[in-house]
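Trainee: Could we go through this structure together? I would like to begin with the overall picture and then turn to some details.

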Amino acid sequence: MGSLILCHKKRAKRPFEIARVHMRVYTIEELCYYICNNLYLIDHTIMNRRLCDWLDDELELEDMAEELRRQLDQNAELSEFVLTILQKSIIYAPLEITRMHNLLEQLQNQKEVEKAKYKADTLLKAGEYAEAILVYQSVLNHERDDSVKEEFYGRIHACLGTAYGCMFLYEEAAAMYKEAYRICQEPDMLRAYLYCCRRYLPGQEYMKMLSGNPVFLSMSSLIKEEIERAQKKVDLDMEEARLTVWKKEYRGS
């Protein structure tokens, strides 16, 4: 049987706000949970004296706060700062600490452009679409890193297309997917591009765009079939839901 890990009882009256994601945390457990699930996003919004003061004043974790202040004075690595929080919180087992340590080291060995993409990817998965767009755009607007393949930037365009699409900005999404397909030549990118065009272009303009391009026409037919299948499934689910309601009403009567 494993040892029992007791949670800290102290809850802050004044929360610590993580500016990047507009999140407020009230306990050391909440802080550690955020760190462990957002390692790609950890930056100066966590590694600062404001956090040290909050840990000291609100949670009364004086030893942890003092150690973190010392690390800031010595310009310690971000990984050391984060691991100190996780270790001194006494929440995670050694194996989990080791796993996160390895992941932090892996992140440190990555190129800056790769780190930026990982941050944007994490924001995108978390539903922070506007924030993700800003990070993706900063990568594209920055000087190109010739040490990464051109396809890397193609995938950034595709991710931007996804972010725009999630915000129902289909015209902007189409432009990103079009560029992504030009670079990577992947069918899924073409499918996404045509789907977005279908969503924002008037019918006649969309058909005009397809005409004379057998690849576009073939992919558009597949998209139409996928939409029809999805619609049939929705209709079937709605019908089953109605039947369930009618059965309950009948039995209740």
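Mentor: First, a term: a residue counts as buried when its relative accessible area is under 20%. Please keep in mind that this is a predicted model.

Trainee: What percentage of the 253 residues in the protein do buried residues make up?

Mentor: Buried residues account for 39% of the 253 residues.

Trainee: And how many helices and strands are there?

Mentor: The protein has 12 helices and 2 strands. Read from the N terminus, the order of elements is β-β-α-α-α-α-α-α-α-α-α-α-α-α.

Trainee: What share of the contacts with a separation of 6 or more comes from residues 24 or more positions apart?

Mentor: Such residues account for 53% of those contacts.

Trainee: Changing topic to helix packing: at what angle do helix 6 and helix 8 pack?

Mentor: Helix 6, residues 112-125, and helix 8, residues 150-166, pack at about 20 degrees, and their axes are 11 Å apart. Angles under 35 degrees count as roughly parallel, and the two helices are therefore roughly parallel to each other.

Trainee: Is the crossing left-handed or right-handed?

Mentor: Helix 6 passes helix 8 in a left-handed crossing.

Trainee: Which residues make the contact?

Mentor: Helix 6 contributes Val113, Glu114, Lys117, Asp121 and Leu124. From helix 8 come Phe152, Tyr153, Arg155, Ile156, Cys159, Thr162 and Ala163. By type, the residues of this contact divide into 7 nonpolar, 1 polar and 4 charged.

Trainee: Now a single residue. Where does Thr27 lie?

Mentor: Thr27 is in the loop that runs between strand 2 (23-25) and helix 1 (28-37).

Trainee: Why does Thr27 count as buried?

Mentor: Thr27 has a relative accessible area of 11%, and the cut-off for buried is under 20%.

Trainee: What does Thr27 touch, beyond residues up to four places away in sequence?

Mentor: Thr27 touches Lys10, Arg11, Trp54 and Leu59. By contrast, the C-alpha atoms of Thr27 and Lys233, 206 residues apart along the chain, are separated by 44 Å.

Trainee: And Ser79, is that residue buried or exposed?

Mentor: Ser79, in helix 4 (residues 78-88), is buried, with a relative accessible area of 11%. Apart from neighbours within four places in sequence, Ser79 is in contact with Leu104 and Gln108.

How values were computed: Residues numbered from 1 in each chain as written. Predicted model: local features only at pLDDT ≥ 70, side-chain atom pairs only at ≥ 80, totals over all residues. Heavy atoms only, no water. Axes fitted to C-alpha atoms, helices over the stretch in contact; angles between N-to-C directions. Helix = DSSP H or I, 4+ residues; strand = E, 2+ residues; numbered from the N terminus. Parallel < 35°, antiparallel > 145°, perpendicular 65-115°, else oblique. Left-handed = near helix turned anticlockwise from the far one by under 90°. Contact = heavy atoms within 4.5 Å. Nonpolar A, V, L, I, M, F, W, Y, C, P; charged D, E, K, R; others polar. Buried < 20%, exposed > 50% of the residue type's maximum accessible area, 1.4 Å probe, protein only.
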